[in-house]
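The stops below can be selected one after another.

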Amino acid sequence: MTGGEAAFEYLRRRILSGEIPARAVIREQSLAEELGLSRTPVREALRRLHEAGLVEFTPHRGATVVSCTKEQVRDTYVLRGDLESRAAGLAAARIDDVTLARLADLIVAMDDFVLSTDDEGVARLGELNAEFHHVVIAASGDQKLVRLINSVGRVPMMAEVFRRDGGHFRAISNHHHRDLLAALRTHDALWAEATMRAHILGARNAILGWDGAEPGPGDGAGFEADAGRGAGFDTD
């Protein structure tokens, strides 16, 4: 992995987890010093984040983490529902026992964090959830579809819903995972597609039904006050 790729993955993960909040400013030079890189790979990472729709560039200010409107959230999740349901349908026809076992392990692992209230537990749940979706998408065997799904912008507010909605939404989400696993085990493509679509759109509704769907300045679960200091991040 090159320095640019490492910086991209580092920033992408922290933006999507909510650690770097909406409207946070990412300082190129400070981040390069923090990561022990030159400014060139950091600039490459920021360009890729811009292409992914996670940051925007402002003259004389630098890269700023985007703040999604409700309409953008809705459009993103509808597109994800279309693409990931297709991937799940293809996966149902091709998935093997080893991959099914991995998905089952991930579901059990997520159960341990469904009721977590600390940031570390919620972050770990987010990582496991992302891996679950990655495994299903990869099992589709359609590399063009995989790239297309990966190019779709993600919605950082999901991490805040995980934190603020308590265990209720998280428990429902993992129940959907179990339903999807059942569909994949029977190799029923239509069931898998319908289950994945319902799962994705349920996440959309959770965000759109939350008052923080359009986070204001400084909304970031305390990130900007502590974790951002010295790491190249500022907030309005």
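This is a predicted model: local features need pLDDT of at least 70, side-chain atom pairs count only at pLDDT 80 or more; totals for chains, interfaces and linings use all residues.

Residues are numbered from 1 along each chain as its sequence is written, and side-chain values use heavy atoms, with hydrogens and water left out.

**Strands**

Select residues 55-58 and 62-65, which are strands β2 and β3. Helices (H or I, at least four residues) and strands (E, at least two) are DSSP runs, numbered from the N terminus. β2 and β3 pair in the antiparallel sense over 4 bridges; two strands pair if DSSP finds at least two bridges between them. Show V55 and its bridge partner V65 in β3, then F57 with its bridge partner A63. The hairpin of β2 and β3 has 3 residues between the strands, and H60 there takes a positive phi near 65 degrees.

**Helix pairs**

Next, select helix α4 (residues 70-94) and helix α7 (residues 143-151). Their axes come within 10 Å and cross at roughly 150 degrees; axes are lines fitted to C-alpha atoms, for helices over the stretch in contact, and angles run from 0 to 180 degrees between N-to-C directions. α4 and α7 are therefore roughly antiparallel to each other (angles under 35 degrees count as roughly parallel, over 145 as roughly antiparallel, 65 to 115 as roughly perpendicular and the rest as oblique). The crossing of α4 and α7 is left-handed, a term used if the near helix is turned anticlockwise from the far one by less than a right angle, with clockwise giving right-handed. L83, E84, R86, A87 and L90 of α4 make the contact with L145, L148 and I149 of α7, where contact means heavy atoms within 4.5 Å.

Move to helix α5 (residues 97-111) and helix α6 (residues 119-138), whose axes come within 10 Å and cross at roughly 160 degrees. That makes α5 roughly antiparallel to α6. This crossing of α5 and α6 is left-handed. On α5, show residues including T99, L103 and M110; among those they meet in α6 are L125, F132 and V136.

N129, H133 and V136 of α6 and M196, H199 and I200 of α10 make the contact.

**Single residues**

Which helix holds R185? R185 lies in helix α9 (residues 166-185). The C-alpha atoms of R185 and L100 are separated by 7.1 Å, although the two residues are 85 residues apart along the chain. R185 touches L100 and A104, not counting residues up to four places away in sequence.

Finally, select R48 and F8. R48 lies over the face of F8, at 3.9 Å from the ring centre; a charge sits over a ring if NZ of Lys or CZ of Arg is within 6 Å of the ring centre and within 35 degrees of the ring normal.
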